[in-house]
Amino acid sequence: MSTTALPSYEDATARYEPVIGLETHVELGTNTKMFCGCPTEFGAEPNTQVCPVCLALPGALPVANRQGIEATIRIGLALNCDIASWCRMARKNYFYPDMPKNFQTSQYDEPLCTDGYVDVEIDGETVRIGIERVHLEEDTGKTLHVGGATGRIHGATESLVDYNRAGIPLVEIVTKPVPGIGAKAPEVARAYVTELRDIIRSLGVSDVRMEQGSLRCDVNTSLNKPGEEWGTRTETKNVNSLRSVERAVRSEIIRQAGILDDGGKIVQETRHFQEDTGDTRPGRSKETATDYRYFPEPDLVPIAPDPAWVAELKAALPERPSAKRARLREEWGISELDMQSVANAGAVELIEETIAAGASPAGARKWWMGELARRANETGVELAEVGATPAQVAQLQALVDDGKLNDKLARTVLEGVVAGEGDPAQVMAARGLEVVSDTGALQTAVDEAIAANPDIAAKIRDGKVAAAGALVGAVMKTTRGQADAKTVRDLILARLS
């Protein structure tokens, strides 16, 4: 462990070359589990979605879920992978309390999909991320530590296991090592997971909700001096947000650089990302494949996809997210740089849905990339979880377009929407925020502003119309920003003409 101050990120990446790799687990949205008929609905009471097969009771035999196999092939095709003509499931042996069988049905040396790639854009540059394999397996149960203050095993009085999740089909997507990206490594990692999430969501095979665990990412990071062999990697487990993926890579680069600077050695281990501090903590020493004692699963027949079926699935793939972004960029009339910003913020679908709900492209982008993106950054949540829906944003923009709200009032209304006070029209009515455009109601405020600012009024009478802005501001202040600025200006000029 380093006893000196950690280097800055800029200093670490100036002296060391990072290499990253990502292992992403995706829970498939099948109606039933991978090897039995139990439902997969999220949030059910613990241990109510289980049966002899997923609890591994004696004599229970698995049967493969065709929908899970099809979804895995579709993911592989969307990631430009080769699809195996014949492969098998395997038993991966390890002994954890959340594994009812004491082994996981997975794939080892015969994955279903291999040798693909994903392209991501970083600062106008295309980075190709190689895909080593896409294989199918089953998820584990979930261990809950109770009685403590943190929800972790340390300090807990007891641990409970919920097996509802055990047996849900899980796809693991493993990248090849990604060298040569230098200081952009954290951005590349986030962009890759973002693109992967968009691709899988477009296929409709998973809701890829990171906050619910249906998309989980393990981040591998190593450092080496330029020209030297790659260093020892660490694996940061179960990173559960796009922002955290980027932070985890950055944190590991700084930590490992500090150890290497002190003459220490990096230990191959799993680590856990700490959301509150932004750093990683040690987990356990990392097993190798031989430690898992893989062998072919004797209770399941091999998988041999018909080439005609695979060709049919490939022909039916939806529009690629990258192609969709190019099309939407033209439709929205924005630059490539602006579209990249939208994609990096995870706002493409949000803006698209807001436009579908009736907003203009400019109006939809203004709110999602402005006020709502700022709130998401401040609170550390994904943009989709900030508290407003595309339909509500479209309603907000409609109120602005109809002259019932100005931008200042609309931001206040948006605060109420995000706080859960209702739709924009409800918040506007409850808070009394509608723009006042009635000339009778505004005339008194205009006369008071003129009387209080005789010098400015004299300038306007002398033909200096631009000076009316000061009086408009005075009226807006008096009316708490609820006056219609154009109506106020017209009234001022009419009175002083």
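Student: Into which domains is the chain divided?
Tutor: Three ranges are given: domain 1 (9-296), domain 2 (319-431) and domain 3 (439-496). The bounds come from an automatic or database domain assignment. The C-alpha centres of domain 2 and domain 3 lie 33 Å apart.

Student: What should I know about the model itself?
Tutor: This is a predicted model, where local features need pLDDT of at least 70 and side-chain atom pairs count only at pLDDT 80 or more, while totals for chains, interfaces and linings use all residues. Residues are numbered from 1 along each chain as its sequence is written, and side-chain values use heavy atoms, with hydrogens and water left out.

Student: Is α4 mostly covered or mostly open?
Tutor: Mostly covered: 15 of its 20 residues are buried. Buried means under 20% relative accessible area, exposed means over 50%, and partly exposed is in between (1.4 Å probe, protein chains only). Just after α4, Gly263 takes a positive phi of about 80 degrees.

Student: Which residues other than glycine have a positive phi?
Tutor: Most residues other than glycine have a negative phi. Asn80 sits in the loop between α2 (66-78) and β2 (82-83). Its relative accessible area is 25%, so Asn80 is partly exposed. Val208 also has a positive phi, near 40 degrees. Val208 is in the loop between α3 (185-203) and β10 (215-224). At a relative accessible area of 2%, Val208 is buried.

Student: How is an aromatic pair described?
Tutor: By the distance of the ring centres and the angle of the planes. Rings of Phe, Tyr and Trp (its six-membered ring) pair if their centres lie within 6.5 Å; planes under 30 degrees apart count as stacked, over 60 as edge-to-face and the rest as tilted. The count here is four aromatic pairs. One of them, Tyr108 with Tyr294, is stacked: 4.1 Å centre to centre, 5 degrees between the planes.

Student: Which parts does the pair of Tyr108 and Tyr294 tie together?
Tutor: Tyr108 lies in the loop between β4 (103-106) and β5 (113-122), and Tyr294 in the loop between β13 (280-285) and β14 (295-296), so the pair links parts 186 residues apart in sequence. Tyr108 is partly exposed at 34% relative accessibility. Tyr294 is partly exposed too, at 21%. Tyr94, Tyr96, Tyr108, Tyr292 and Tyr294 form one aromatic cluster.

Student: Where does a charge sit over a ring?
Tutor: The test needs NZ of Lys or CZ of Arg within 6 Å of the ring centre and within 35 degrees of the ring normal. The charged end of Lys92 sits over Tyr292, 4.4 Å from the ring centre. Arg250 lies over the face of Tyr9, 4.2 Å from the ring centre.

Student: How many disulfides does the search find?
Tutor: Zero in the whole structure. A disulfide is a pair of cysteine sulfur atoms within 2.5 Å. The closest cysteine sulfur to that of Cys54 is in Cys38, 3.8 Å away, so too far for a bond. Cys81 is in no disulfide either; the nearest cysteine sulfur, that of Cys113, is 5.6 Å away. Cys54 is buried, with a relative accessible area of 8%. Cys81 is buried, with a relative accessible area of 8%.

Definitions and conventions
Helices (H or I, at least four residues) and strands (E, at least two) are DSSP runs, numbered from the N terminus.
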